[in-house]
Amino acid sequence: MNKDMKILVVDDFSTMRRIIKNLLRDLGFTNTDEADDGNTALPMLQTGKYDFLVTDWNMPGMTGIELLQNVRADDNLKTMPVLMVTAEAKRDQIVAAAQAGVNGYVVKPFTAAVLKEKIDKIFERIDS
Amino acid sequence: MSDNTEEQNETVRAFEDGLKEQSYRLKELVDSGDISGAMEVINEINETRDRTLYQEVGRLTRSLYESIRNFHVDSAVPPHDEEAMSKMNDASDRLTYVVDMTNKAANKTLDLVEETMPYASGIKEEAVQLKEAWGRLQRKEMKPEEFRALSGRMDEFLQKLSVDSDKVYVNLSEILLAQDFQDLTGQVIHRVTGLVKEVEENLVDLVRMAGKVDSITGTVHDIDEVDRGIEGEGPQMNTEKREDVVSGQDDVDDLLSSLGF
C-alpha cells in the first residue's frame, strides 16, 4: 500500500472530516483533501488526482451512495477504491452500497482500529 | 381534553341510539305502507346526522385552535405576535443552539488535540533517542565527549519536558472544560423533547376527534404508503431491538461477508 496515495475525504460535517484526516495521518496517510458533499467531490475526483475515496452517506446535495454510483459509472474512476464511513445502519442500505460497488463499509461511531483494518483489507485485495 | 372526549363520546352515543330508534320506526312505517311517514323519518335522520356532524366539526375546530394555542409560549410576548409566540419556532432556535454549541465544542477539542499531539510525539522521539544513548552509557560504551553531549541533551530534554508537559496538561484541562456544552445542550434537548411529546399528544387527540367525524359521515381515507427507496436516514435508535438494522461493525462485516465480501 502506497502511503503517499492521494485520498479524498467527503463528509458534510467538518469535525468528522478532521477526525478522519487525523486518523489517516496517524496511519501514515498525509496526502488528503476534503469535500463537503458529492457535488463538490465528483469534479475533484474527475481531475484524476485521487487514488482512494472515503465518503459519508447522508449529505445534502449529492449523497454518498449517489457519489459512489457516479464514480462506478465513470470510465476513468470506476476502479477507484471507495470506503463508506457512515451512520446509516439499515441492512438494506448496506446491501445497496455493496451492490453499488463499495469496497468497505464502516458504521459510525467507529474506532481508529476499525478504520485501519478496513483500509488494510481494501488494499490487500487490490495489491494481491 | 379528556372532558372534551367524554362529551364527544356522549354526542356520538346519542346519535347512534337515535339512529337505531329511527331506523326501527322507518322499518315499521315502510312495512305498514306509510311512505310519506317514512319520508319524514328519513328527513329526521338526515337532520340528526347533520346536527351531530356540525357539532363534531365545531368541536374539532375548537380543539385544533386550542392545540395551536397550546404550542405557544407564555404571555411574555404580545398575544398577536404569532411568530414570536410560537414554541415551535423557539424549539428550532433551541436546536440550532445545540448544533452550534456541539459544533463549537467539537472544533475546540479538535484544535486542542491537534495542538497537543506534536508535543506528545516530540517527547516520545527525543526519549527514544536518549534511551538508546543512556543504554550505551550504562554499558560503558560511551566516550567522554559523547557523554558531555548527552549530558547537555539530557538537560535540554528535561527542561523541554517540564515546559511541554505543562502545555499538554493545560490543553487537557481546556478539553475538559470544552465538554461543558453537554449540560446546556442536555437541558435544551430535554425541553424540546417535552414539547414534541406535548405536540404529539395534541395531534393524537385531534386525529381521534377527526375519526369520530369520519364515522358520522362514513368517510374512508385511502392513505398510500410512501415508498422512500434507499436514502440516508442518519443514526438508528434501539438497534438491538430491530431486525432491519445492524447493531455494530461486527454485524456489518457479517452481512458483507455473507454477500461475498
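**Two chains in a predicted model**

User: What percentage of the 261 residues in chain B is buried?

Analyst: This is a predicted model, in which local features need pLDDT of at least 70 and side-chain atom pairs count only at pLDDT 80 or more, while totals for chains, interfaces and linings use all residues. Residues are numbered from 1 along each chain as its sequence is written, and chains are lettered from A and ligands numbered from 1 in the order in which they are written. A residue is buried if 20 or more other C-beta atoms, placed from the backbone, lie within 10 Å of its own, exposed if 12 or fewer do, and partly exposed in between. In chain B, the share of buried residues is 6%.

User: How far apart are the C-alpha centres of domain 1 and domain 2 of chain B?

Analyst: Domain 1 of chain B covers 1–70 + 201–221, and domain 2 covers 88–179. These bounds come from an automatic or database domain assignment. The distance between the two C-alpha centres is 75 Å.

User: Which element of chain A supplies the largest share of the side that touches chain B?

Analyst: Residues are in contact if their C-beta atoms, placed from the backbone, lie within 7 Å; by this count chain A gives 23 residues to the contact and chain B gives 22 residues. On the chain A side, helix H1 (14–26), H4 and strand S5 (104–107) each supply at least two residues. The largest share, seven residues, comes from H4(A).

User: How many nonpolar residues does the side of chain A that touches chain B have?

Analyst: Ala, Val, Leu, Ile, Met, Phe, Trp, Tyr, Cys and Pro count as nonpolar, Asp, Glu, Lys and Arg as charged, and the others, Gly among them, as polar. On the side of chain A that touches chain B, five residues are polar and five are charged, and the nonpolar ones number 13.

User: Are H4(A) and H7(B) parallel or oblique to each other?

Analyst: Axes are lines fitted to C-alpha atoms, for helices over the stretch in contact, and angles run from 0 to 180 degrees between N-to-C directions. Helix H4 (residues 91–99) of chain A and helix H7 (residues 249–258) of chain B have axes that come within 10 Å and cross at roughly 50°. Angles under 35 degrees count as roughly parallel, over 145 as roughly antiparallel, 65 to 115 as roughly perpendicular and the rest as oblique. H4(A) and H7(B) are therefore oblique.

User: Which residues of H7(B) make the contact with H4(A)?

Analyst: From H4(A), the contact uses Arg91(A), Ile94(A) and Ala98(A). By class, the contact has five nonpolar, no polar and one charged residues. On the side of H7(B), the residues are Val252(B), Leu255(B) and Leu256(B).

User: Is the crossing of H2(A) and H3(A) left-handed or right-handed?

Analyst: Helix H2 (residues 38–46) and helix H3 (residues 64–73) of chain A pack with axes 10 Å apart at an angle of about 25°, and they are therefore roughly parallel. A crossing is left-handed if the near helix is turned anticlockwise from the far one by less than a right angle, and right-handed if clockwise. The crossing of H2(A) and H3(A) is right-handed.

User: Is Ile42(B) exposed or partly exposed?

Analyst: Ile42(B) lies in helix H2 (residues 35–70) of chain B. Gln22(B) is 20 residues from Ile42(B) in sequence, with 8.2 Å between their C-alpha atoms. Because 15 C-beta neighbours lie inside 10 Å, Ile42(B) counts as partly exposed.

User: What is the phi of Lys140(B)?

Analyst: Lys140(B) sits in the loop between helix H4 (87–138) and helix H5 (144–178) of chain B. Lys140(B) counts as exposed because 6 C-beta neighbours lie inside 10 Å. Although Lys140(B) is not a glycine, its phi is positive, at about 60°.

Terms used: Helix = DSSP H or I, 4+ residues; strand = E, 2+ residues; numbered from the N terminus. Contact = placed C-beta atoms within 7 Å.
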